[in-house]
Amino acid sequence: MSLAIGFFSADSVADDMLLDTIVFSKQYLVQLSGTVMNETFSGAQALLTLMPPAPGGSNPYQIIIEAFPKKNSRNSLFWNAEYSEMTAISNEITCDIKRTFVKPVPMHFYFLSPALLNVRDVLQEKDKEQEIAAEKVALPTRIEARAGKLKLRIYSNSVSGTVWMKGYDQVEHAFVQYSAKLYGKRSYRLQQKQETKK
């Protein structure tokens, strides 16, 4: 029994020291589930990259989360920790978006506004051409973040946490809050597809 306790304790220490030993980038493929406006969602994917601190940067680490495999995937997000205030204790990281009125924060989430989906209700015929046209109109809206927080617990082979962002939806003409839980596994050699829907 004492051996088992010793084993788990050593394991915990190794995980706690993980953030202190970041020398190379680590990637995690994460699944997002949560709510945005009145919609509940699951299955959104994002690529989380944990990197050593940037030269001259104020944060102890660099973290970028971007929709995977497409940059503007529905109900996913883009988070760049460089533009947030970060605290890191043991293997836990918290990032708060800096509130500024001088320039926008380059972080956002994608949301398919109900106003865009209503276009389908206008269609009387159900032919394929009109369905395709409606789908092209109903693309996710990019909503710039005005506030938000990211909380992560990072281990050598997994990551979990929560994120929320709030921004103004120009389509809905209202503020929208995005809240999600995330969980992912360590991945290797994944690349973001450099395609963005117009």
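Q: What makes two strands a pair in this predicted model?
A: DSSP has to find at least two bridges between them.

Q: So what makes S2 and S3 a pair?
A: Strand S2 (residues 39–51) and strand S3 (residues 62–67) share six bridges, in the antiparallel sense. The cut-off is at least two bridges, so they count as paired.

Q: Why is Asn75 called buried?
A: Its relative accessibility is 5%, and buried means under 20%, so Asn75 qualifies. You'll find Asn75 in the loop between S3 and S4, with a positive phi of about 65° although it is not a glycine.

Q: Why is Met37 called partly exposed?
A: Met37 has a relative accessible area of 32%. Buried is under 20% and exposed is over 50%, so Met37 falls in between. Met37 sits in the loop between strand S1 (26–36) and S2, and its phi is positive too, about 55°.

Q: What makes those phi values worth a remark?
A: Most residues other than glycine have a negative phi.

Q: Which peptide bond is cis, and where is its proline?
A: The bond from Phe68 to Pro69 is cis, with omega near 5°. Pro69 lies in the loop between S3 and S4.

Methods: Residues are numbered from 1 along each chain as its sequence is written. This is a predicted model: local features need pLDDT of at least 70, side-chain atom pairs count only at pLDDT 80 or more; totals for chains, interfaces and linings use all residues. Side-chain values use heavy atoms; hydrogens and water are left out. Helices (H or I, at least four residues) and strands (E, at least two) are DSSP runs, numbered from the N terminus. Buried means under 20% relative accessible area, exposed over 50%, partly exposed in between (1.4 Å probe, protein chains only).
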